[in-house]
Structures are given as structure tokens and as C-alpha cells.
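Please read these points with the sequence and the model side by side. They are meant as a colleague's comments for someone new to reading structures.

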Amino acid sequence: MLRADKLCKAFGALQVTRDVSLDIPQGARHAIIGPNGAGKTTLFNLLAGELAPDAGAILIDDRDITHLPPNRRARLGLSRSFQKNNLFPRQSVQDNLLLADIAARGYGYRFWPRLAARKDAYGKAATIAGQIGLIDDMQRGVAELSYGAQRQLEVGLALMAEPKVLLLDEPTSGMSPEETGRMLRLIDDLPRSLTVVMIEHDMDLVFNHADRITVLNYGEVLMEGQPEEVRGSDAVQETYLGGEAE
Amino acid sequence: MAHVLQFRHALALVALAALLIFWTQAGYFGMEILAEIAVFAILAMSLDLAAGYAGLVSLGHAALFGFGAYMFALFTVLWGWPASLAVVLATLATGAIALIVGAVVTRVQGVFFIVITLAIGEMGYEFFFKNRALGGDDGLSGISRLDLSAIGVDLNDPGIFALFLIVVAAITYLLLVRLLASPYGAVLTGLHDNPGRMRALGLPVRTYQTSIFAFSGALAGFAGTLSAQHTQFITPNLLHWTTSGEVLVMVILGGLGTLVGPVIGAVVLTLLRHELSNVTDYWGFWLGFFLILIVLGGKNGIVGWLAAGWNALRGARPDDDQAADEPAEGEEASDAAR
């Protein structure tokens, strides 16, 4: 579903991503982990289109998207959330979701029909709000929501695009333990047809929620495998777990 | 959100009623002021679309306004085309220019956007200032108005012309309300709040920014054709950045991104400019003082003050600990708005 082929990216003399290849099948729950500075965020930005790779290719559904801007990738089914909440702060939850629908389905050029007449968009917003646990907060302003609820909406916006591949950038960052639990349940409950790729700093979280894990270190793929293999790997223990002393 | 919009529409209705009542009482000079208010209301609404809704704060908007006025004068005075055709073509020509300018200026954001629009606006000013064929710094005179005698309307009567402009401004307001309720209107607020997220969600951000800049420019050009017909004499000062600044002040004074705010801003600023200058030579000083009062306090202009005052009166926001001292100052603002 999502493939990366020998991606390279350097900032000046610093090689941040080095020959990273991924092949993620449909329906996978794929986590990308690594210690601080391993190049997780850069890789994520390469996949999402915020950065252009120096070399290599990115394909979604066998279509080459290496040189497409973020908005084109989103329209092709690659949707992302942000590590720092990146919402429409003056709007209600419902309006946030509606904006996502307009952008994702590309009917923003329609300047005469009323948005209020688009029952389909309102219906979809309600469905997604139910999925992310915010159905009772539809009319509330984003600023009134708790941090955890804002994080849930962050994922909700990405889901409104009805993506083929959902990229989650540290979905539980900054959350309390209960909030983290709620977010992980939310991710577990996503439809199995959806491919989910998440970047996580906290490795313990992903062992129970990913079926495949890629470990990055110094911009390179250190290893890729199932959670038990990764957990059992000496190399991973040494560079990641040992180094972090967690 | 619905009651916010209802409140704004009610304000718009009050503003329209006030203008119409003023119209029944106005003499020749009053009619001139009303016409000026109506033209600036349309111009300020056009700037609000770009600056208040889409977040594209332009300091070159008057150049588009003046361009529309000059195109109208060129088409009618120098080329002898009928005024009705000239209004349409001057509006479209301004929109086309704004489309080209918009494609360039939306490459930059924030303060750079302000500076680049200012620079392009000044280029326009310089062009018309130096162009002898269009009258240079002497301007162009002998501009005639639309001929609506076929339907029994004589626009050369100052009172009829003022009423005509008020009606045009009201229709413009209604059309823009409709536009803002559309998916396109929602996109504008999304672009204002978070263009990066709109892009990540799949929106080609610059295309949309360019489109609203072009539409806003066309509307400014339309206001320019009305201004040319009103004064029947135009100078390059229409394009000057100080005019842009004045319109931006109208928008901010009234309330950014409220549509009715810029209308109220146009009313208040135009009235203050005429009335204060009768009372004191220091009218600019007092105007500045008034602006500071309105903008201080973190409210979104006059509309923001009125909304806060209204909410406090209804007791709709008991959780707001500022509510106690808001009504007094809010009323002060609303009194001044009359």
C-alpha cells in the first residue's frame, strides 16, 4: 500500500535519512520507532510531502508520489496527523471536521450552494466524531476541549479524508495515562482495511498495538520485524532500550 | 455560530436603516457623504474578504480600487464606451490584474505579504501618476454616470445616486453573506486559521489564496468604478497606499472578518473625518485617540464591543469575569458608531 524505496535526505552535511526502505501492506499497523535524533520526524515529513527527498521514491498503491506536494498526496489517500495539535482553534469541533471534509473531497471551489445543505458532510462529521469519542462535543469550540480531546480531534481531521493510509505522528505525545489509553483504543478500533503508520518515541506503547515495527537509528533502518523480534533484538536493546535506560 | 451571524445581520440591518433615515434628512453635502460611505463600505467589505476572512492582509488594496476607477474613466471618457459596459469590463480587468498579482504575492506570508502588496500598490500609483495620457498627477475629469433613464432613474441627481449606491452596497453585502455560507466561504476561514493544515488535508492553498485575492480585487475595482462615477473626477491618490491604509483601518475599526464590521467602519470613519474636521483642527489626533480606544481591550473592533455588550446585557456569558466592565465601554462604542 505504502512503499518507500531507498529514501535519502541530508540537511547540509548531516545525513538524516539514509537509504530507508519500507513496504507496508494494506491493513498493517506499522510503527516506526527510534531514539531521539534517529530521523523519525524527517522520515515522516518525507512520507507526508512536507520535505522532498534527495534520492529515492515513495509510492502509494503503486503510484509514484515522490514529487507531489502534501495536498496532492492527501487527495490520493495519504492522510496525516500532527505531533503538535494543528487544528482550527476558533472553530467548533463540527466545523473543524467539515473543513477537513471540504479540503479532502475538493469541493471548496463551490461558492454558491450553502455548506449547511451538505447533509452528507454533516453525517460524515458525526460518524467520525463518534469514532474519536467527541460526538457530544460537536458544537464546542476547540479551545474549550481538553488537551486529550484535542489530540483525538487531531486524528479525527485526518480520518475525515477517508484515507487509505493514515500517518500518525506521535499520537499520544503529551498525554496523561488515561488519555493515552483512550487514544490507543481509538487506534485499535480503526477499520482493518485502513493502513496505519505511526511514529512513536515511546517503544513500550507500540509493542501491543503494532503488528510490525521499524527501528531507526542515525537515519538508517536498524531492523524491521514483528514486535517480539524487535523486543528480543540485542542491537535494539543496546541502541535504544539500553541507551534510554527505561 | 448561528446566533453570532444573526447578531451581525441585525447590525447590518440597523446600519442600513440608519443610512436610509440619514438619507431622508440629508442635504446636498449629506448625499455626498452617503455616497462616499457606500463606496467605501463596498471597498472595505472586499478587503475584509481577503484580510479578515482569508488572512491576506493587503496594504495595496487601494491600487486595485484606483485601477478600476481609471479603467472606467479610460473606457468611458477616452474611448467613449457606454458606462454599463465599462463597469463590467473595468471590474473584470481589475480582477485579471489581481489574479496576476495574487499569484505572485501569495508566495510570501505575514509581514512580507504586507510589504509586497504595498510595493506593488505603489508601482500602480507611480504608473498613473506619471502617465500623461491618463492625466498624470492632474487626474481625469468629465466622467459620466450610468444612464438608467430607461427605467426612470436619474443618477445625476445626488440624492438618487446616493440611494443607488446604498442599494448596491446592500446587495453586495447579501451576495457576500451567501458566498461566506458556502464551502468556499468555509475554506476562507480555514485558510485564515491554519493554511498548513488545509494543505495537509488536501487543499491547494495557494490556488485558493490567489482566487480570493482576485475576487476581492475585482470587487475593489467595482467599487472604483462607482467612486469614479460619484466624484466624476479621479486622481492617482485613489491608488495611494494611504488610501489602502484608511480602508484597512475601516476594516479593523469595524471588526476583521465580520463583513458587517467593515461597513460600520466605513460609516464611522467617513463621518468622523467630516464631522470632526468641522469641530477641531486636531481631528486627526482625536480620530487616532478614538481608534486606540476601540482597538484596546482585545475586542474585535466595534462589532466585537457590541457583541460583548449584547452578551453581557443578555447575561449569556456569566463565566466571563470581564462582563461587568464591558457594557459601559461597549455602549460608548455604539454611541460613537451612530
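This is a predicted model: local features need pLDDT of at least 70, side-chain atom pairs count only at pLDDT 80 or more; totals for chains, interfaces and linings use all residues.

1. Chain A is divided into two domains, and domain 1 is made of two stretches of the sequence, 1–77 and 163–246, while domain 2 covers 86–162. The C-alpha centres of these two domains of chain A lie 26 Å apart, and the contact between them takes 13 residues from domain 1 and twelve residues from domain 2.

2. On the domain 1 side of that contact, the elements of chain A that give two or more residues are α2 (70–75), β7 (165–169) and α6 (177–188). The largest share, four residues, comes from α6(A), and the residues on this side of the contact divide into eight nonpolar, two polar and three charged.

3. Chain A also has an open sheet of four strands, which can be followed in the order β2-β1-β4-β5 and in which the pairing is antiparallel. The strands at its edges are β2 (14–24) and β5 (63–64) of chain A, each of which pairs on one side only. Strand β4 of chain A, residues 55–60, is joined to β5(A) by two bridges, and A:Leu59 has A:Asp64 of β5(A) as its bridge partner.

4. Which strands pair with β3(A), and in which sense? Strand β3 of chain A (residues 29–33) pairs with strand β8 of chain A (residues 195–200) in the parallel sense over five bridges, and four bridges join β3(A) to strand β9 of chain A (residues 212–217), again running parallel. As examples to find in the model, A:Ala31 has A:Met198 as its bridge partner in β8(A), while A:Ile32 stands opposite A:Thr214 in β9(A).

5. Are the residues of β3(A) buried or exposed? Strand β3(A) is mostly covered, with five of its five residues buried. In a regular strand the side chains alternate between the two faces of the sheet. In β3(A), accordingly, A:Arg29, A:Ala31 and A:Ile33 point one way and A:His30 and A:Ile32 the other way, and all are buried.

6. The contact between the chains takes 30 residues from chain A and 23 residues from chain B. On the chain B side, α6 (158–180), α7 (183–193), α8 (195–200) and α9 (205–231) each supply at least two residues, and the largest share, six residues, comes from α7(B). By type, the residues on this side divide into 14 nonpolar, five polar and four charged.

7. An α-helix has 3.6 residues a turn, so residues three or four places apart point the same way.

Methods: Residues are numbered from 1 along each chain as its sequence is written. Chains are lettered from A and ligands numbered from 1 in the order in which they are written. Two strands pair if DSSP finds at least two bridges between them. Two residues are in contact if their C-beta atoms, placed from the backbone, lie within 7 Å. Ala, Val, Leu, Ile, Met, Phe, Trp, Tyr, Cys and Pro count as nonpolar, Asp, Glu, Lys and Arg as charged, and the others, Gly among them, as polar. A residue is buried if 20 or more other C-beta atoms lie within 10 Å of its own, exposed if 12 or fewer, and partly exposed in between; C-beta atoms are placed from the backbone. Domain bounds come from an automatic or database domain assignment.
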